[in-house]
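Subject: Structure handover, ligand site

Hello,

Here is the structure to take over. My notes on the ligand site follow it.

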Amino acid sequence: MSVAGGHRIGEFARRVGVTPELLRAWEQRYGLLRPVRTPGGFRLYGEEDAERVARMRRGLDEGLSAAEAARAALETPPSADHLLDDARARLMSAIEAYDEAAVQAALDDGLAAFGLEAFVRNLILPTLTAVGRGWEQGSVEISQEHFASNLIRGRLLSLARLWGRGSGPLALLACAPGEQHDTTLLAFGLILRSYGWRILFLGADTPLSTLQDAARTTAPAVIVLVTFDTALVEAEGTALRRLARIAPLFLGGPGASPALTGHLRIRRLNGDLIEAAHEVAKMTNE
Ligand code: B12
């Protein structure tokens with residue numbers, strides 16, 4: 001039988017290809033396995049146990065004694081993939097439980113373990129997507145989505161503190177008029193910042209006339225405008241062309257379709273925000 005997050009000894013033994021007797025011996029003698037106990041007292045074995053068993057078997061195959069193979073298996077840290085899976089699962093269950101402290105702890109650990117770019121790519125973006133999918137399918141409430149979005153957005157903003165400082169080129173970032181989705185733009189700005197760029201962030205729902213004012217005052221190296229919804233910018237051709245005369249203008253986000261940018265004759269950023277940030281960062285010396 002398989003129970004959420006783990007397997008009972010019989011099934012686990014079949015999965016890893018080692019008899020239950022031998023597994024119990026390895027558990028008792030070397031502490032190789034670290035099962036969790038169900039409220040009913042059953043031991044459940046998980047992915048990290050399976051990894052340690054695989055490493056133990058490799059050690060034995062290489063001719064190590066059982067004690068040496070166990071020591072080697074226990075010393076190797078769990079793979080980054082599993083750390084990531086764990087971090088995502090922890091973050092998602094903290095969101096579902098409205099547990100703010102646990103959300104913050106999962107974000108702290110994710111950031112410390114993966115570094116900024118992998119944190120954004122592998123934890124923040126997939127979590128936002130999963131929250132959205134859960135909401136579509138009815139397993140996530142709008143209240144949970146709001147709770148998650150605000151905590152994630154707050155964390156990205158705290159990482160963004162003083163990102164306008166320094167001497168690198170300046171990027172002016174804003175969401176199209178009527179566009180509320182600004183979290184991914186924050187993430188994009190953080191990646192660009194990690195390349196030494198300075199960021200001026202105007203955020204959600206920015207009227208294009210005011211964006212022009214900001215651009216004239218600050219003379220950015222690029223302006224990045226985001227839209228999730230094509231319809232929000234379709235009729236803004238004149239204002240966008242005016243903006244593009246002040247500084248190179250890019251449109252990004254899921255609403256920035258090639259048909260739209262082609263029609264408006266403005267540049268479109270790569271669909272993936274991390275790739276897009278790399279693309280803009282490379283412009284430093286151009
Ligand atoms: C959080 C959220 C909100 C929050 C936003 C909080 C905030 N400050 O950002 C709030 C509650 C405000 C909100 C409001 C609404 N939302 Co909303 N929201 C979401 C949710 C759950 C996550 C958005 C997000 O950050 N996604 C994370 C990234 C990973 O999404 P992604 O598209 O896969 O991103 C990839 C690319 O698109 C690209 N990319 C994304 N952003 C950028 C930016 C740049 C610069 C670049 C280069 C690339 C890029 O890179 C990513 C991959 O690397 C999505 C669900 C979802 N699946 O995305 C819905 C979603 C985006 N929302 C949606 C809708 C309909 C709305 C509302 C209209 C709902 C309503 N009826 O009120 C409103 C108002 C929207 C408006 N006018 O702006 C729809 C959009 C459908 C559409 N295409 O029009 C979605 C897809 C949900 C759905 N399935 O219906 N929302």
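**Ligand contacts**

A nitrogen atom of the ligand has a polar side-chain atom of H181 at 2.8 Å. T184 also places a polar side-chain atom 2.7 Å from a nitrogen atom of the ligand. From the backbone, a polar atom of G178 lies 3.0 Å from a ligand nitrogen. A polar contact here is a pair of N or O atoms within 3.5 Å; within protein, one must be able to donate a hydrogen and the other to accept it, and residues adjacent in sequence count only if both atoms are side-chain atoms.

This is a predicted model: local features need pLDDT of at least 70 and side-chain atom pairs pLDDT 80 or more, while totals for chains, interfaces and linings use all residues. Residues are numbered from 1 along each chain as its sequence is written, and side-chain values use heavy atoms, without hydrogens and water.

**Shell around the ligand**

The ligand is surrounded by 29 residues (a heavy atom within 4 Å), and the closest are E136, Q180, H181, T183 and D272. By class, eleven are nonpolar, twelve polar and six charged. In this scheme Ala, Val, Leu, Ile, Met, Phe, Trp, Tyr, Cys and Pro are nonpolar, Asp, Glu, Lys and Arg charged, and the others, Gly among them, polar. Helix α6 gives the most to this shell, six residues; helices (H or I, at least four residues) and strands (E, at least two) are DSSP runs numbered from the N terminus.

**Pocket**

The ligand takes up the space of the largest pocket, in the sense that more than half of its atoms lie within 2 Å of the grid points. A pocket is an open set of points on a 1 Å grid over the protein atoms alone, where a 1.4 Å probe fits, with protein on both sides within 12 Å along at least five of seven lines; lining residues have an atom within 4 Å of a point. Its volume is about 940 Å³, taken as the space filled by probe spheres set on points joined across faces, edges and corners.

The lining has 33 residues, with L128, H181, T183, T184 and F228 nearest the pocket centre. Of the lining residues, 15 are nonpolar, 13 polar and five charged. Again α6 gives the most, here eight residues.

**Domains**

The assignment, automatic or from a database, gives domain 1 (2-78), domain 2 (81-157) and domain 3 (162-285). Domain 2 and domain 3 both give residues to the lining of the largest pocket, so the pocket lies between them.

Regards
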